Structures are given as structure tokens and as C-alpha cells.
Amino acid sequence: MTETTHDLSAIVKANDIRGVAGERLTAEIARALGAAFADVLAEPELIVAHDMRLSSRELSRAVIEGAVRRGAIVADAGLSSTDQLYCASGLHRAAGLMITASHNPARDNGMKLCLPGARPVGRDSGLEDVRRGAEAYLAAGEIPVRGEGRSERIDTLEDYARTLHGLVDLPAGRRLRVVVDAADAMAGLTAPAVLGPLEQVELIEPHFGLDGTFPHHPADPLRPENLRDLQEAVRREGADLGLAFDGDADRCVVLDETGTPVPPSAIGALIASREIARARAAGRSAPAWPSTRSPPATCTRSSRRRAARCC
């Protein structure tokens, strides 16, 4: 049964929005949420993207419609991973809204919101205002037109890949065999763009078709049973590394050459050591936080218009 109440507290969580698509989260509700998010932005520039779930494109269109009615300049990025959207927001200082339910079951969907510079929006940083605004629009039954909003299509994938390539210097040497289990989700788009062009990496691609029904296994790599396909592939292929991603590809579990999961704390320590070394080599005493790091020169926006159109 379709949810008709104007109370959105059941789907607006502490850090995101999530519920059963078509029931708790309908196109009407998504339109109201898009309008309410546009209302709280200091600058009317918004990048909207979505994952491959069956309901995601419809919800994305509804969000864009609502935001445009409230005068937002919306960059429609289409299919994207969540960190691809965050990269766009960070590079171009535009707000972002991602349609995804992350690792949730296929029937669910949701939204992740961020302010310019990829600053997260949560209950204590604007999400409650968005909820109340959307509820008001739903209760009124209309979204008044304000300003001259518009939407345009953009492509964020190339800049995303270029940004990641700029973060790591890969040494020459033996080519690494890397198996990525995309779980039929957004890593099927991002992994070939990021890892595919690298001469140092041979990419092996199980489950790379984008399919919101998740035909092979759920896109939740934190559950051991969802790692079995990847573990078998790592051993079968004699791979050096295995990567398992969740639905919107912002969470990754790393397997070693035996198919054994590497503890997240070890991955964090490796990244921290590398970033500290990078900072020291650049003459800094500590690495800068991502929110203050300047984007690569090739990706900085040249004008406010470009920020609204591309990333």
C-alpha cells in the first residue's frame, strides 16, 4: 500500500533518508524532498545522481523536478557511485544529492545529501529542516515555483577517475591481478573507469552488470556470505587482491591473495601512513582534511556556470 502520511520521520534518519520505494518513499515524496533541500541551500546549485536500483531513475527525476521548481540549477549526473557524487561536490563546491539505499535490500531506496565541499547533511546539520520543509509541501499539495531553475545533463566519471589517479603514485613493476566483485552495482561503473586504464593493474570483473535486482548476491560486503564469490575468484585467478563493494560503491572490503578479509583497521593504518608521508613530502606537518584540500588544477571550476554544469 502506498504511504500517504505527511509525516516523514520514519524515513528521515540521523544521516540519510531510507525506506521502501513506492511505499514509504514515493516520487511525490522525493519531489517534495528535492524542493525542500533546494530551499535550505545558500547557493542554488545542486548535483543529483542515482544508483542502478529499479526505482532510482524515477526518484531522481522527481527530486530534480522539485529542486528546479524552487529555483535550483541542477546538474543531473545520472548513474553514479556515492563517492563519485561527493567528489563532484568537493571539486566544484556544489551541494549534492544521491539516490541510493546503499547496502539495503533491492526494494529499498533513499537519499544521501551533502553541502558544497562534500560536507555531510545529517539531523543536526540541516536534514531536519529538509524533512519539515518536505512535509509542508506534501501537506499543501503543491510546490510553488520560485526563480528560474533549470536542469542540465553532466558527466562526472572522468573527473572522478582523474582525481583518484592523482592521489596515488603507482610504481612500475609486476602487474597486479585485482578481482573486483561489483555485486551488480555501481562499482561496475566506477572500477573500470578507475582501475581499467592503469597499466599496473589487470582488472578481473565478476558481477559487473548494473542490475538493481542483485541477481548474484546482496550488495552488502560486511556479510561473510556475500564474499564467497570473490574469495573463490581470488583463489581461482591467483589474484593479488580482491575488492568487494556495496550497492553505491562507497564501502569496500579488501581481501588478500588467499581470499582472507583484511581488517579495516589495517587498511586505515596503511592509508594513514601513506597520507602522512605525502604530507611530509609536501612540507606539511599533517595531512589536510578532505574538506580543505584544494582540487587538482585540471578539475577546478572556472566559473559558477561550470560548477552547475559539470564535475
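Visitor: Which residues in α1 meet D129, V130, G133, A134, Y137 and L138 in α4?
Guide: This is a predicted model, where local features need pLDDT of at least 70, side-chain atom pairs count only at pLDDT 80 or more, and totals for chains, interfaces and linings use all residues. Residues are numbered from 1 along each chain as its sequence is written, and side-chain values use heavy atoms, with hydrogens and water left out. Contact means heavy atoms within 4.5 Å. On the α1 side the residues are E28, I29, A32, L33, A35, A36, F37, D39 and V40.

Visitor: At what angle do the axes of α1 and α4 cross?
Guide: Helices are DSSP runs of H or I, at least four residues, numbered from the N terminus. Axes are lines fitted to C-alpha atoms over the stretch in contact, with angles from 0 to 180 degrees between N-to-C directions. The axes of α1 (residues 27-40) and α4 (residues 123-140) come within 8 Å, and the crossing is roughly 125°.

Visitor: How many residues of helix α3 are buried?
Guide: Buried means under 20% relative accessible area (1.4 Å probe, protein chains only). Among the buried residues are T82, Q84, L85 and C87. Helix α3 (residues 82-92) is largely enclosed by the rest of the structure, because the buried count is nine of the eleven.

Definitions and conventions: Helices (H or I, at least four residues) and strands (E, at least two) are DSSP runs, numbered from the N terminus. Buried means under 20% relative accessible area, exposed over 50%, partly exposed in between (1.4 Å probe, protein chains only).
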